[in-house]
Amino acid sequence: REKTVEPAADGGTEAMQQAASEPPARAGWNSKVEYFLAQVGFSVGLGNVWRFPYLCHQNGGGAFLLLYVLLMLVMGIPLFFLELAAGQDIRQGSIGVWKYISPRLAGIGYSSCVVCFFVALYYNVILSWSLFYLGSSFQYPLPWNHCPKQGNITEKECEDSSATSYFWYRKALNITDSIDEVGSFNPYIVGCLFAAWTIVCLGMFKGIKSSVKVMYFSSIFPYVVLVCFLIRGLMLDGASEGIAHMFYPKLEIWGDIQVWRQAATQVFFALGLGFGSIIAYSSYNPKNNNCHRDAFTVSFINFMTSVLATLVVFAVLGFRAKREYNEGLVSQGHMPTFNYSDPGSLSVDSYRNWFQKHVKTIPGNVTECDLEKEMQKGVEGTGLAFIAFTEAITQLPGGPFWSALFFLMLLNLGLSTMFGTMEGILAPLRDRFKFLAKNKTKLTVVSCVIGFMIGLLFTQRCGNYFVTMFDDYSATLPLIIVVVFETFSVSWLYGADRFLDDIEAMLGWRPYVIYKYLWKYVCLLAMLGLLVATTVRMFMKTPTYMSWNHETASEIHLPYPSWALAVLALLIIFAMLPVPVGFIHSVVQDWRWPTHRDTETGHYSIVNGDETPMTDMSEPDQRNGFLVTES
């Protein structure tokens with residue numbers, strides 16, 4: 001049987017020259033365990049703890065879980081497998097991978113780097129908040145346990161809200177009333193941000209060799225904490241009610257297009273698609289690594305982590321809600337007769353029936369106690385971590401211990417994600433520019449210094465509003481567009497069949513043909529639908545942010561001012577600008593210098609650096625950059 005070599009994409013000469021110039025092996029992982037720790041550590045982040053439980057609760061409980069699993073199987077895992085296979089086969093970062101697959105869409109890789117940079121800027125600020133709370137946890141009682149007093153007078157802002165809300169907004173952030181009020185820098189958060197960037201820099205200054213050592217702890221420790229919290233949470237009064245509220249199925253939500261949008265978005269971000277970090281980590285694997293199995297394994301671990309975190313969150317919040325519910329019964333006058341020493345002896349239904357009968361005659365301070373409403377208080381994002389969960393912790397025996405454990409868990413969850421995000425920036429740049437590869441440590445240090453300097457924006461008194469802005473708008477739309485182009489370039493420009501041929505030569509077996517149709521039609525149409533739904537929602541709904549009003553001591557939604565809307569637009573435009581610029585640059589270069597692609601391949605040769613490569617066990621006839629067909 002004879003073997004013939006065909007060009008894989010635009011310009012076969014480029015592919016063959018690139019293969020000839022590539023070193024025999026690429027710096028890699030020392031073991032499969034290291035790779036799994038890195039990949040799982042990146043994909044499992046803060047969103048699994050404070051975003052997934054909220055979405056599941058708000059969007060139908062068990063019904064949302066089924067929808068999430070469905071979308072993960074038909075969209076998430078195929079796209080995850082695509083990125084793993086592309087990185088492992090081409091063995092470069094995102095810039096080099098998409099430059100090779102479709103030179104005219106080389107800007108995809110640069111867009112991924114820009115988005116990673118935006119995310120790293122505000123993500124490390126969240127780590128600085130976790131550091132601040134971690135340091136504050138070594139006090140007894142916890143500083144957010146009671147409202148501060150000036151003499152015998154309780155601080156009004158705290159009295160009108162809660163001790164945890166006051167500590168978060170006034171002590172930790174010292175927040176302004178709106179994004180227009182800049183305010184001074186918060187020295188405590190500045191110091192914590194410097195510490196957070198220092199930890200990231202020290203963990204990455206030798207590339208994956210140093211970061212993976214940290215991941216042995218940062219990727220495993222959160223699971224230990226979650227299991228401890230789950231065991232403790234299930235022993236609390238109200239845990240069963242919390243979990244019941246969490247998983248109660250509401251099948252009617254399947255008819256709501258916004259629920260599908262939120263589920264698809266969560267699948268998208270939970271797996272870390274489009275960042276380039278998956279590609280970077282996978283590029284360090286040996287050529288015959290079973291990336292197909294890895295796609296299912298990492299996705300399954302990610303999903304089970306989300307479910308575990310959901311159980312923990314709502315077991316603890318159920319305890320908090322029931323305690324506040326019972327305290328509310330005792331504190332209100334004109335109550336029906338029951339044992340006041342045991343508020344639980346009055347059932348929810350009995351109280352509601354009594355309330356409905358006497359609603360017109362009882363005083364205004366008596367309200368209808370609703371466990372469902374108590375469960376919904378502050379169960380998303382920073383509201384969950386720094387207000388609702390901390391309030392529940394203060395009610396636990398040994399509160400400081402559980403508080404330190406919780407925020408140490410958040411810190412480690414964030415660190416492993418930060419390592420992956422930074423690798424999504426640094427690896428493509430090192431592969432693209434040889435002089436950066438030769439100065440790897442300097443590149444890491446300079447990147448962290450720049451990140452800290454720009455990150456000072458978020459340490460102002462209004463910094464929390466900028467974190468919200470970046471979190472909501474700097475990554476969502478650009479990343480969806482990036483993945484649309486990724487899917488289109490692989491399945492249509494490069495060719496889904498060719499890509500499957502590459503994977504077959506790489507793994508020694510051919511993936512199921514269903515992937516061809518998933519990539520070409522299902523995934524692409526799903527991502528286009530998500531893009532349209534996200535864009536329409538962005539234009540139809542006025543962008544708002546949650547602000548803290550110190551006079552009313554409450555959270556209110558405010559519309560972004562015109563200058564902030566301009567910043568939002570610039571963030572999205574700047575993130576996507578490399579794609580059209582790269583396309584125009586490629587067209588102009590082809591027009592001016594038709595042989596340009598053949599001569600520029602040297603710029604994209606793989607640079608090993610000084611890391612010890614993992615043994616490459618690929619077959620001799622496997623090729624880098626062109627197809628091998630047998631006849």
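This is a predicted model: local features need pLDDT of at least 70, side-chain atom pairs count only at pLDDT 80 or more; totals for chains, interfaces and linings use all residues.
Residues are numbered from 1 along each chain as its sequence is written, and side-chain values use heavy atoms, with hydrogens and water left out.

The chain contains 28 helices and 6 strands, where helices (H or I, at least four residues) and strands (E, at least two) are DSSP runs numbered from the N terminus. Of its 631 residues, 58% are buried, a term that stands for under 20% relative accessible area, with exposed meaning over 50% and partly exposed lying in between (1.4 Å probe, protein chains only). The chain exposes about 25700 Å², of which carbon and sulfur atoms supply 63%; accessible areas come from the Shrake-Rupley method with a 1.4 Å probe, and for residues only the protein chains shown count as cover. Among the contacts (heavy atoms within 4.5 Å) with a separation of 6 or more, 83% are between residues 24 or more positions apart.

In an unreviewed entry, the UniProt annotation "binding site" covers Gly41, Asn48, Asn302 and Leu413. These positions are spread over 373 residues of sequence, yet they cluster in space, with a largest C-alpha distance of 12.4 Å. UniProt positions are given in the numbering used here, feature names are shortened, and annotations may be inferred rather than shown by experiment. Glycine 41 is placed in helix 2 (residues 32–43) and counts as buried because its relative accessibility is 4%. When neighbours within four places in sequence are left aside, glycine 41 is in contact with Phe36, Ser219, Leu413, Ser416 and Thr417. Leucine 413 belongs to helix 20 (residues 399–432) and is likewise buried, with a relative accessible area of 4%; leaving aside its neighbours within four places in sequence, its contacts include Gly41, Val44, Gly45 and Pro222.

Elsewhere in the chain, alanine 388 lies in helix 19 (residues 381–394) and is buried, with a relative accessible area of 1%. Alanine 388 and alanine 321 are 67 residues apart in sequence, and their C-alpha atoms are 9.7 Å apart in space.

Helix 26 (residues 562–576) and helix 27 (residues 578–592) pack at an angle of about 35°, with their axes 5 Å apart; axes are lines fitted to C-alpha atoms, for helices over the stretch in contact, and angles run from 0 to 180 degrees between N-to-C directions. In this contact, Phe574, Ala575 and Met576 of helix 26 meet Pro578, Val579 and Pro580 of helix 27.

The structure holds 51 aromatic pairs, in which rings of Phe, Tyr and Trp (its six-membered ring) have centres within 6.5 Å, and planes under 30 degrees apart count as stacked, over 60 as edge-to-face and the rest as tilted. The rings of tryptophan 129 and tryptophan 168 form an edge-to-face pair, because their centres are 5.1 Å apart and their planes stand at 85°. Tryptophan 129 lies in helix 7 (residues 107–136) and tryptophan 168 in helix 9 (residues 163–172), so the pair ties together parts that are 39 residues apart in sequence. Both tryptophan 129 and tryptophan 168 are buried. The rings of phenylalanine 268 and phenylalanine 269 are also edge-to-face, with centres 5.1 Å apart and planes at 80°. Phenylalanine 268 is buried, with a relative accessible area of 0%, whereas phenylalanine 269 counts as partly exposed at 26% relative accessibility.
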